[in-house]
Amino acid sequence: MDLPWKSLAPVEPGREYVALLSYLPLRSYFRLPLFFRYSVQINAQLRETPGAIGYAMRAELFALHFWTLSVWDNDKALMEFVRKVPHGEAMKKIAPYMDKTNFWRWKLPSAEIPPRWDDAMRRAAANG
């Protein structure tokens with residue numbers, strides 16, 4: 001199930017942005033309520049974060065596999081978002097219930113925003 005791309009800021013033609021694909025596998029169905037609670041809070045945080053250009057989510061609910069795909073103005077904006085509450089808190093609280101997470105970051109030209117899932121997943125497969 002894919003949640004559609006949400007644009008948060010205008011894209012400037014002719015420049016590069018930072019794209020991030022994250023893979024978040026849960027180990028237990030019992031942790032879904034905690035995961036979804038933080039997901040709602042983090043989505044609200046995204047909408048208020050300077051430098052966030054847009055995001056989408058993908059879920060294979062029965063397999064407990066989740067992905068996020070986001071685009072950022074720059075690395076600094078991304079890292080500030082990651083450290084702040086609720087995202088920073090969620091990482092600490094949910095980490096014990098996750099299998100190996102993975103993250104892929106790359107430069108993305110403005111003409112390719114919003115990014116396509118097939119391109120992002122192909123990139124992840126090619127880079128481990």
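This is a predicted model: local features need pLDDT of at least 70, side-chain atom pairs count only at pLDDT 80 or more; totals for chains, interfaces and linings use all residues.
Residues are numbered from 1 along each chain as its sequence is written, and side-chain values use heavy atoms, with hydrogens and water left out.

**Exercise 1.** Find the salt-bridge partner of Asp 2 and say where both residues sit.

*Solution.* Start with the term: a salt bridge is a side-chain nitrogen of Lys or Arg within 4 Å of a carboxyl oxygen of Asp or Glu. The structure has nine of them. Asp 2 pairs with Arg 58, with the closest N and O atoms 2.6 Å apart. Strands here are DSSP runs of E, at least two residues, and helices are runs of H or I, at least four, numbered from the N terminus.

**Exercise 2.** Work out which parts of the chain the Arg 15 and Asp 73 pair ties together.

*Solution.* First, the contact: their side chains meet in a salt bridge at 2.6 Å, N to O. Then the places: Arg 15 lies in the loop between S1 and strand S2 (16-25), and Asp 73 in the loop between strand S4 (65-72) and helix H2 (75-83), so the pair links parts 58 residues apart in sequence.

**Exercise 3.** Trace the network that includes Arg 116.

*Solution.* Begin with Arg 116 and Asp 119, whose closest N and O atoms are 3.6 Å apart in a salt bridge. Now follow the shared partners: Arg 116, Asp 118, Asp 119 and Arg 122 form one network.
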